[in-house]
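Trainee: I would like to learn how to read contacts, domains and strands in a model. Can we go through one together?
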Amino acid sequence: MKPAWRSGNLLIGGTITVLILAMALVSLVWTPYPPTKIDIVHKLADPSAAHWLGTDPFGRDVFSMIMAGARSSLSVALIAVLVGAGLGVPLGALASARGGWVDNLVMRFTDLAFAFPALLTAVMITALAGPGAGNAMLAIGIFNIPVFARVTRGAALAVRELDFVMAARATGHGEFAIMARHVLPNISAVLLVQVTIQFALAIIADAGLAYVGLGTQPPFPSWGRMLNDAQTYIFKAPLLAVFPGAAITTAVLGLNLLGDGLRDLLDPRLSRSR
Amino acid sequence: MNRILATLIATTLFAGTAQAAKDSIILGMPLEPPMLDPTAGAAAAIKEVTYANIFQGLTRINDKGEVASQLAKSWTISGDGLTYTFALQSGVKFHDGTPFDCAIVKFTYERAVAADSTNSQKGFFEPISSTACPDPLTAVITLKRPTGGFLFNMGSGDAVMMAPNSVANNKTNPVGTGPFVFKRWVKGDRVEMERNPAYWGPAPKIASATFRFIADPSAATAAVMAGDLDAYPLFPAPESLDRIRTDKRFSVVLGSTQGKTIMSINNERAPFNDVRVRRALAHAIDRDALLSALNGTGKPIGSHFVPGNPGYIDLTGAYPYDPAKALKLLAEAGVKPGTEMTIKLPPPAYARRGGEVIAAMLEQVGIKAKLVPVEWAQWLDQVFKQSDFDLTIIAHVEPNDLDIYARDKYYFNYKDASYRAIYQKWVETSDPAARIDLVGQLQRKLSEDEPNVFLFSLGKTGVWNAKLNGLWVNQPIFNNDLSGVFWSE
């Protein structure tokens, strides 16, 4: 039997994710104040009806900044995951299909990529190309490639041993067709779960990069930089650090719950045991 | 058990003695010097480390901004103001043992004006027509024309004495005559120096000094609070001061500097070669709001001169904050709304944070400011050396540096014949009243042309251990003279 809290995961995670997504989308057309608008007279205001989450040291509306920050975080994470999955999945599929030296080459490449922490990769890339959201996407994306390559390879290898794949092979289907028509659809659940997990990790990575000044550049707000800016004000205006921190935590929690829920829902092994 | 007790007692005793005998100092600075030869580059950080500690000049500038004696114990000036006769200190030796005498003075001053000299203040030495050495301890300097401020200039970090046999390596291994000997430079982290045992003057009370480079305001605060730094003379996180003030371990000392924080404009690049655009930028920036946002302790300025100097005139009313006027001027100059301008931001907090505020203010007048944070070495190379920038925010900390607007080649590319004419007259005038009038004209001319947007004078907030004495309250020239620093108790 499926415990009730499992479906709860899906519900809570999905709701949080949708809310954050909605916040990011709404920020495209509306925020309470323009997120970069400076109003020095009202700096460091406490939360009030006028400024729901107060204002920062430059008098910018924190709620507006969080909304706009959701946009930059989500877009960096989305592109990064797309880059990672877009290159990693075909690589993993190739490795599993060809085996032999191709497999070895791909796996050693992933070993190599794993040897560099994401942050280090990002620092390297930004040292070469300058800091910015684009380079942060690229850096986090590159870090995601080996993850997807490995997951795809592992899952695909298992599926390729199954009888229906052999049947397809026996009836003369090419490796490419088998991969596209039989293997990938059967591992899509695993990949989808991986996407949500990597998405959450990418949000943390983006916040980390922005925190050290390598991500989204000012004046456009980002959660990580808001945290950094709040640091020296922590004894004066502690809420400044709480709100972006809570935003990051909530987004990551939501995505992880969603990932858990999806895995329970989609994982064929779990469905069999039901 | 006994053993543990013994160890405990020994440790306590040992720690106790170490505490009482504190004779070292660790100082925090926002920027790391690009090299350590103050006569070969403009970065103030070089002087903040080496001036008065490693290198010394004939004269020096004291903490009140006055000229005092140093390697020259006294001097006389001829009636026509053209001949300066310096009596040199005897028994002075460089750290490597080279004796200091008049030949060193001659070498230093001739090197500063040589064709290959990279001295950032060549103009200080240009009036010198000859340096003669009637005997090793007398230097006679003849000028081409009377030069007001000559003794002051010779007391700057750009005029410190260097010996011919060590000069080539001074960028990485500085050898001077000062009370401290260079020990090592861990790039990206710190410079260490220790007491010069053979110092010619009164021996410094502290045995060793370390300069650490921490630009990030939060990191600087943490380092000070944790006691990793004994002093941060130009503390970059004013928002933390309230908390530090309540902590009895520290002294918070407010003072002034000669720093002029400006938004430099590349005067050669379109559209900034149009004075209307530069004036529009000046109108678009609310200096009071900027100072408030930065928690700055300085004062708004209207020209390249700070309050408190003789001849200062208040020109802050020339370009009042007026976005409507700025929009009008921009429209007249043909700058379309949505035009992108790049602001390169060096690491100091006034630039990084000020940039965000200024970007928001420029947005109000339809300018899209693209903020590009750059490291200090990059700034020196791209902006200062190659003039590859639109706008940047920087504090010019040299006193009396109105000459930078009269130079043929300076990074913001302001070239104006009438300014140069007034400047030339000012340099050649030694009558105090006439000089005051001329310095007023210079300030007005700069305000009128607004080659840069003059923002505010750089206040000085020093934070240091309450038991530390002898650091300067004000910073008339940028330096950290440690010769008089000592620990009380």
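Mentor: Start with the polar contact: a pair of N or O atoms within 3.5 Å; within protein, one must be able to donate a hydrogen and the other to accept it, and residues adjacent in sequence count only if both atoms are side-chain atoms. Between domain 1 of chain B and domain 3 of chain B, one residue pair is in polar contact (both at pLDDT 80 or more). On the side of domain 1 of chain B that touches domain 3 of chain B, the residues are nine nonpolar, one polar and three charged. Ala, Val, Leu, Ile, Met, Phe, Trp, Tyr, Cys and Pro count as nonpolar, Asp, Glu, Lys and Arg as charged, and the others, Gly among them, as polar.

Trainee: What ground rules apply here?

Mentor: This is a predicted model: local features need pLDDT of at least 70, side-chain atom pairs count only at pLDDT 80 or more, and totals for chains, interfaces and linings use all residues. Residues are numbered from 1 along each chain as its sequence is written, chains are lettered from A and ligands numbered from 1 in the order in which they are written, and side-chain values use heavy atoms, with hydrogens and water left out.

Trainee: Into which domains is chain B divided?

Mentor: Domain bounds come from an automatic or database domain assignment. Chain B has domain 1 (23-32 + 172-256 + 460-487), domain 2 (55-164) and domain 3 (259-458). The C-alpha centres of domain 1 and domain 3 of chain B are 30 Å apart.

Trainee: How many residues of domain 1 of chain B are in contact with domain 3 of chain B?

Mentor: Contact means heavy atoms within 4.5 Å. By that rule, 13 residues of domain 1 of chain B meet 11 residues of domain 3 of chain B.

Trainee: And how is the size of an interface expressed?

Mentor: Often as the accessible area lost when the parts come together. Buried area here is the accessible area (1.4 Å probe) that two parts lose on being put together, summed over both. Domain 1 and domain 3 of chain B bury about 1000 Å² between them, with 65% of it on carbon and sulfur atoms.

Trainee: Which residue forms a salt bridge with B:Arg353?

Mentor: First the rule: a side-chain nitrogen of Lys or Arg within 4 Å of a carboxyl oxygen of Asp or Glu. The partner of B:Arg353 is B:Glu239, and their closest N and O atoms are 2.9 Å apart. The rule finds one salt bridge across this interface of domain 1 and domain 3 of chain B.

Trainee: Now the two chains. How many residues does the contact take from chain A and from chain B?

Mentor: Chain A supplies 19 residues and chain B supplies 22. In chain A, A:Ile40, A:Phe58 and A:Thr232 lose the most area to chain B, together 31% of what that side buries. Chain A and chain B bury about 1700 Å² between them, and carbon and sulfur atoms give 55% of that.

Trainee: How many salt bridges and polar contacts are there between chain A and chain B?

Mentor: The count is two salt bridges. B:Glu356 forms a salt bridge with A:Arg60, with closest N and O atoms 2.7 Å apart. The side of chain A that touches chain B divides into eight nonpolar, five polar and six charged residues.

Trainee: How many helices and strands has chain A?

Mentor: Helices (H or I, at least four residues) and strands (E, at least two) are DSSP runs, numbered from the N terminus. Chain A has 10 helices and zero strands. Its C-alpha atoms fill a box of roughly 75 × 50 × 30 Å, taken along the principal axes.

Trainee: In which sense do E1 and E10 of chain B pair?

Mentor: Two strands pair if DSSP finds at least two bridges between them. E1 (residues 24-29) and E10 (residues 208-213) of chain B are parallel over six bridges. B:Gly28 stands opposite B:Arg212 in E10(B). Strand E9 (residues 190-195) of chain B runs antiparallel to E10(B), joined by five bridges. There, B:Met193 has B:Ala209 as its bridge partner.

Trainee: Where is the cis peptide bond of A:Pro219?

Mentor: The bond runs from A:Pro218 to A:Pro219, with omega near 5°. A:Pro219 is in the loop between helix H7 (175-211) and helix H8 (223-231) of chain A.
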